[in-house]
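Me: Could you take a close look at the aromatic rings in this structure and walk me through how they pair up?

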Amino acid sequence: MKNNVLIVGAGPTGLVLALWLTKQGIPVRIIDKTAKPTINSRALGIQARTLELYQQMDLTDEITHAGHANLQLNLWVNGKKRGILKLVEQGQKLTPYPFLLIYPQDQHERILIQYLEKLGVMVERSTELISFSDYPDHVSAQIIGPQGKENYHAHFLAACDGGKSPIRHKLGLNFSGGTYSQVFYVADVDIKGFTIHGGAHISFDQHDFVLLLSYGKLGQARLIGIIREDRVKSLQNLNFEDINQTAIQDLGISIEKVNWFSTYHVHHRIVSDYHVGRVFLVGDAAHLHSPVGAQGMNTGIGDAINLAWKLAAVLKNQASEQLLESYQIERRAFAEKLIKSTDRFFSIVTAEGYIPSLIRIKIIPYLLPKIYNNHHLSHFIFRLISQLDIHYRHSPLSQKNLGKLQGGDRLPWIEYEQGNNFESLKKMLWQVHVYGTAQPQLQVWCKMNNIPLYSFTWDISCEQAGLLENAVYLLRPDTYIALIDPQAETHTLDRYFQQQQINCFSQI
């Protein structure tokens, strides 16, 4: 049996997991019960952190060129613009991608599939996992496809099979949370009116709200809003004409054409265990969120990348299976935090009554300009939305320290006249960064242990980002900081790998 992984589900999460594993030399089989890829755009927003991680597959340039960068968030109340949060200004010193990229999911998936096919892996369509058994050394899967039934053995099984995950049900895991009473609508439309390109718009009035995201050709946009309960009760087959369009009209636009319209209930749930034995839950199979903030798909992609390097290390005998325990510890903590924060905001923008209405049309418009004018607050909001703020400080893989930056943090982006420090992160490897001068003994240690060493010029931007001059920064294959050693002593590195039971000698 090969050191392989069976991936069930070929949405963005499953495709990214397959790409990252294949790039690291791990055989994968990816199946999906649908006959064709999705044709609806569903998830649209790609956050800055996802674009940073996509550099590891040379995906970022193609996707950013194909997508549409929304550079600012505009707040409208009762038909008047009341505030602007300029994402590009808040994020331009934090990331190469200071915007929310709008790129329809169907197009996004096509690019991921094309890249996967270039690596020799085809998505097996009309193919379904009908049952599986988890053993101490493998998973035995029963699969049915166009050629009939077969038994298949894999070292690990990844459930990327969505919010209704049959694999999660088979495992009998608790999927705690709930479902909001409101009915959501989503519509892709052609609009006419003021120039909306370059920004996202959220429009509030006393009883309604709509989020508008521009993308694609001029005048193409995504609308997201809710259908109030009193209207749902009186309508069985809802269509676009049935929704309350006051908040849309407040934006000063007219709908020229409705290209796609759908309604759905929004869930907020998280699974009790991210893995059982050799079976791992990834993306929507593990957590569901409200669409507020375009976080769900990006979180699933983050799950996939976090899990991929750990599975690869175990299957290459570079780490013990102890490493896999950190997947749940790291990703579930973030998903819990995300569900709580999106739940709170979702409740504010959708609730009916005098107090929620007052918050929407009075308090939020009052606070937003103050946030924008406060450097620290506006940076905090950008980092939160863009997922740059995700960290694993609580992880057993992260060594604690007392500085501004800690083990488990995302490495700060430093731009120089010639390039930046993220160029080296395209390699899915453990590596060492030094901002300043790398000591000779460190250079020898890195060479002996097959760990790339990168030295960068120390300047004021490094200090502002919280980096320490001449310190050692050990980076994980997913580009997060594992440890920081201000003394730059090689025995600190030795001790870390010994404690984590990780061996990098054969990583290159």
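Reply: Happy to! Rings of Phe, Tyr and Trp (its six-membered ring) pair if their centres lie within 6.5 Å; planes under 30 degrees apart count as stacked, over 60 as edge-to-face and the rest as tilted. The model is predicted, so local features need pLDDT of at least 70 and side-chain atom pairs count only at pLDDT 80 or more, while totals for chains, interfaces and linings use all residues. Residues are numbered from 1 along each chain as its sequence is written, and side-chain values use heavy atoms, leaving out hydrogens and water.

Searching the whole structure turns up 18 aromatic pairs. One of them joins Phe-280 and Tyr-327 edge-to-face, with 6.1 Å centre to centre and 65° between the planes. Phe-280 belongs to strand β18 (residues 279-281) and Tyr-327 to helix α10 (residues 325-350), so this pair ties together parts 47 residues apart in sequence. Helices (H or I, at least four residues) and strands (E, at least two) are DSSP runs, numbered from the N terminus.

Trp-445 and Phe-497, in contrast, are stacked: 6.4 Å centre to centre, 15° between the planes. Because Trp-445 sits in helix α13 (residues 440-448) and Phe-497 in helix α15 (residues 490-500), their pairing ties together parts 52 residues apart in sequence. Trp-445 counts as buried at 8% relative accessibility, and Phe-497 is buried at 9%. These two rings also belong to one aromatic cluster with Trp-309, Trp-430 and Tyr-496.

Conventions: Buried means under 20% relative accessible area, exposed over 50%, partly exposed in between (1.4 Å probe, protein chains only).
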